[in-house]
Amino acid sequence: MEKKLLKKSKFAVTLYVISGLLTLYTVYMLYSTITYLTNYFSQYGTSFMSNFGTAIGYILTQCLVYLVYAILVFAAAKIYNEVRKANPDNYLSEAESKAILRAKEAKKIAKAEKKAAKASVEEAQATEEKAEATEELKEAEKAEEEQKEESEK
């Protein structure tokens, strides 16, 4: 028996994207907070490590909220997908699955044809360049022969 594929939900994808964006924002806030604290402590002649306890508290205050939101949104997307699995209407039908597989195969074939066409164009260009080089070589040899004939006269 084939494993049935769950239809993609725009809502779930949106939740995953929001979760990713929140994670990126968490990293940005972590960087900007550490930069701010380093500059702040250096302005007052102290170091980051000498005020480590205060710094950690400030960093957590600034960054932890976004990390928690990212985790919650990701968990909501996972839960939403699990709930959707309970409804058989959310699965792709056999015809839809076959159509998707045919479309993927068509893309692979088109990509292979494009690659073959590109290779044949490159081969034709190489052959043309060789012909031009051969022609130039013949012209150069002919010019040398003419120069020898003129120098002998």
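**Close-up views of the predicted model**

View 1. The cut-offs are under 20% relative accessible area for buried, over 50% for exposed and in between for partly exposed (1.4 Å probe, protein chains only). This is a predicted model: local features need pLDDT of at least 70, side-chain atom pairs count only at pLDDT 80 or more, and totals for chains, interfaces and linings use all residues. Residues are numbered from 1 along each chain as its sequence is written, and side-chain values use heavy atoms, with hydrogens and water left out. Met49 sits in the loop between helix 1 and helix 2. Helices (H or I, at least four residues) and strands (E, at least two) are DSSP runs, numbered from the N terminus. Ser32 lies 17 residues from Met49 along the chain, and their C-alpha atoms are 17 Å apart.

**View 2. The Lys85–Glu82 salt bridge.** A salt bridge puts a side-chain nitrogen of Lys or Arg within 4 Å of a carboxyl oxygen of Asp or Glu. The whole structure holds one. Here the closest N and O atoms of Lys85 and Glu82 are 3.2 Å apart. Both partners are partly exposed: Lys85 has a relative accessible area of 38%, and Glu82 has 48%.

**View 3. A nonpolar surface patch that includes Met49 and Leu67.** Patches are built from residues with over 30% relative accessible area and no salt bridge; like charges are joined within 9 Å, nonpolar side chains (Val, Leu, Ile, Met, Phe, Trp, Tyr) within 5 Å. Among the members are Phe52, Ile56, Leu60, Val68 and Tyr69. Leu67 belongs to helix 2 (residues 52-84). Leu67 is partly exposed, at 35% relative accessibility.

**View 4. Tyr25 and Tyr28, a tilted ring pair.** The whole structure contains eight aromatic pairs. The ring centres of Tyr25 and Tyr28 are 5.9 Å apart, and their planes meet at 35°, so this pair is tilted. Rings of Phe, Tyr and Trp (its six-membered ring) pair if their centres lie within 6.5 Å; planes under 30 degrees apart are stacked, over 60 edge-to-face and the rest tilted. Both residues lie in helix 1 (residues 10-43), three residues apart, about one turn of the helix. Tyr25 is partly exposed at 36% relative accessibility. Tyr28 is also partly exposed, at 48%.

**View 5. A cluster of linked rings.** Ring pairs join Tyr36, Tyr40, Phe41, Tyr44 and Tyr58.

**View 6. The setting: a chain of three helices and zero strands.** Along the sequence the pattern is α-α-α. The radius of gyration is 34 Å, well over the 15 Å that the globule rule gives for 153 residues, so the chain is more spread out than a compact globule. That radius is taken over C-alpha atoms; the rule is 2.2 Å times the number of residues to the power 0.38. The C-alpha trace spans about 100 × 65 × 20 Å along its principal axes. Buried residues make up 14% of the 153. The accessible surface comes to about 12,800 Å², with 61% belonging to carbon and sulfur atoms. Contact means heavy atoms within 4.5 Å. Of contacts between residues at least 6 apart in sequence, 78% join residues at least 24 apart.

Key: Accessible areas come from the Shrake-Rupley method with a 1.4 Å probe; for residues, only the protein chains shown count as cover.
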